[in-house]
Amino acid sequence: MSASPPPTKILQQQRGVRTTSGHPAHTSSPDADAEPALDVDILRQRARCGLTDALDQVSGPKTLVIDPGLAGPLGLVTEVSLLKHHGVDKMFWLEPGPFTSSTPAIIYLSRPSIRHMKLIATQIAAHLSSTCSSASTNHTYTLLLAPRSTSLCERVLEEEGVRGQVDMLEYPLEFIPLEEDVLSLELEGVAREVFLEGDTTPIFYAAKALTTLQKAYGLFPRIVGKGDAAAKLASLLHRMRLESLADDPTDAALTTPSSTIDSLIIVDRTVDLVTPLCTQLTYEGLIDEFFGIRNSHVNLPPSLSTSSSQPTTSLGSTSTSTSPPSTSASATPAQNQNQQQKKKKHLLRASHDPLFADLRDLNFSQVGAHLNRTAKRINEDYEGRHQAKTVQQIREFVGKLGGLQSEHQALRLHTGLSEEILSKTRTDEFNVVLEIQQNLLAGYEPSAQVAAIETLVQQEVPLHTVLRLLCLASLTGGGIKPKVLENLKREILQTYGFHHLPLVLALPRLALLHRSPLPASVPSFPFPALRKALRLIVDDVDERAPNDISYVYSGYAPLSVRLVQCVAQKAGVLSSSSSSASSGGAGARLGAHPIVGWKGFEDAVKGWGGETVDERPSGEEGKDAEARRDRLPGQKGTVTVVMFVGGVTFTEISALRLMSRQTRGRKFVVATTNIIAGDSFLNELVPPLPESAGKK
């Protein structure tokens, strides 16, 4: 038995586009705000309806036991009040240990993993045993799996002897809107599953989510991609479309090219492993580097969090002692309260914080000046109270007071965050690491950089910092000399502990770390040639008024985003966009050109990085159809969806936002399996270490 899908009318009634508020700090022309973006609220509403429909299938009061890994994603699409409205009486984390329930219905909400299935089976068996011995009211058990149920999960429950007591439902949790231009599946461990274990389940989930997007907006007129995972995703999309058409041949959404979306560009993360290893230099990127952003929330010290920040109404927020679930099956309230006093979660989202919307994509060197201008403006607005003489003027000022107080609160938060980041970026360690990184990217004295990395090991800088630089040296230089590499591995294990051996062994399997010359079994990665052909290093970077995507790394243009430019903004690859624009001054913007695949860059993308994709889904034939597919964006513009398989960094998102601001008639929407940074990407490569494992 599976949960009925959310009403399709939600998708049908809300097809189309809406205008967005744009980006005040970077808008370069009056009509920039009028350009369209996808109405991502359709996807948020679909996720809410899917959950409430599944809950409504279980009658009466319910106890909800939630996989902690789902709490953050769920908190972005629903609230505790909505769950209570649909019969949820109590909530617990899914953790080892017994729990009691006063409601007859118990619902487990979990990802479809073997580990969770065994834990759930153990709890149900123990619960059944305790209820039988106490002759209490019988309970019903429902397992709600997101995003789908699998035969493997069913088999585990059968082996554990509880399948007959459990009703299994599906909750199709797909793309979650993190921002108006960012959609994420919020999956965990994607790099390990797809690239190391060969498990294509995350690619299947991505195909399902993209198919849902097509049902809402129409068929992708063109699918372009790079990498083996991109080819698998494109193939799955084609197969799912044919299967849907077999069930309903009249489905116009899967036969008619979208008038809103002009193309889908798929980027396999293994095509560009250099970018996630680099230290992000945008404001949002550095917050992720130093504090960690998960499900749009960041853990902040109490000194930085404000007393009246966002109210705690979502599952993903744990900023107060009343946040749900109130307790877990194994933790005491005192332990939970102690954890909450250490750090508080804050929601970082542009729709909730206009100042963050202005700051997030800036190179960090420009954040201080922007905060200073904002502080002066707020102060001037406060001083306006002295000019309020009449009752009408006083009323107008009082009406603005609430907004000023919110702005002042946001200014205090981001000023504190910036000071914390600044204290870290001013250290000798950070600057040495950044210098090594920039030298490796530019190909300057690779042997000297490897020697500098060895010095960092001796100084015991954080392990992930060392490994990121070491992998960067291997990728950009075609490997590291065998003797030097073996000595470095030995020093790393002796310095940081042998429990890190699984991570060190995983790096060569993903071609992140290899000896030079590369073994024949390792695919070549011609970074020096790509650096020249795609202009990955830009010497003259304007970080204040950026005209090239390289500003996000202070001179390095992310390879993944350059590949997107090869398809959707070809002039940006050849030269800075401002110099390519016609003589319209600093505010001139490039007109969007038709999506014609890799044309002009065939040689640059050939012979490395796996398969190259350029498809036009069948369904229309003839020259008229071809003309429609290769059309110039109309007056209202179009949207290009960029799908990252294996994760995307905040700096890559910032670079794509710059492309949106530069291009007249085209917006870029990022879709991804998950959000990553250098440390989290490396952590994904191995299963989580036991809590008892030592850390250094």
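This is a predicted model: local features need pLDDT of at least 70, side-chain atom pairs count only at pLDDT 80 or more; totals for chains, interfaces and linings use all residues.
The chain has 696 residues, and 55% of them count as buried. Its secondary structure comprises 28 helices and 20 strands.

Helix α19, which spans residues 482–496, packs against helix α18, formed by residues 463–477. The angle between α18 and α19 is about 170°, and their axes lie 11 Å apart. Since angles over 145 degrees count as roughly antiparallel, α18 and α19 are therefore roughly antiparallel to each other. On the α18 side, the contact is made by L463, V466, L467 and L470. These residues meet L488, I492 and Y496 in α19. By class, the contact of α18 with α19 consists of seven nonpolar residues, with no polar and no charged ones.

Helix α19 also packs against helix α17, which covers residues 446–458. Here the angle is about 15°, and the axes of α17 and α19 are 10 Å apart. Because angles under 35 degrees count as roughly parallel, α17 and α19 are roughly parallel to each other. The crossing of this pair, α17 and α19, is left-handed. From α17, the residues V450, E454, L456, V457 and Q458 take part in the contact. Their partners in α19 are V484, L488, E491, I492, T495 and Y496. The contact of α17 with α19 divides into seven nonpolar, two polar and two charged residues.

Elsewhere in the chain, three strands form an open sheet in the order β12-β13-β15, with antiparallel pairing. The edge strands of this sheet are β12, at residues 293–294, and β15, at residues 344–347, and each of them pairs on one side only. Strands of a sheet pair through backbone hydrogen bonds, in either a parallel or an antiparallel arrangement. Strand β13, made up of residues 297–300, pairs with β15 in the antiparallel sense, and four bridges connect the two strands. Within the sheet, L300 stands opposite K344, a residue of β15.

Notes:
Residues are numbered from 1 along each chain as its sequence is written. Side-chain values use heavy atoms; hydrogens and water are left out. Axes are lines fitted to C-alpha atoms, for helices over the stretch in contact, and angles run from 0 to 180 degrees between N-to-C directions. Angles under 35 degrees count as roughly parallel, over 145 as roughly antiparallel, 65 to 115 as roughly perpendicular and the rest as oblique. Contact means heavy atoms within 4.5 Å. Ala, Val, Leu, Ile, Met, Phe, Trp, Tyr, Cys and Pro count as nonpolar, Asp, Glu, Lys and Arg as charged, and the others, Gly among them, as polar. A crossing is left-handed if the near helix is turned anticlockwise from the far one by less than a right angle, and right-handed if clockwise. Two strands pair if DSSP finds at least two bridges between them. Buried means under 20% relative accessible area, exposed over 50%, partly exposed in between (1.4 Å probe, protein chains only).
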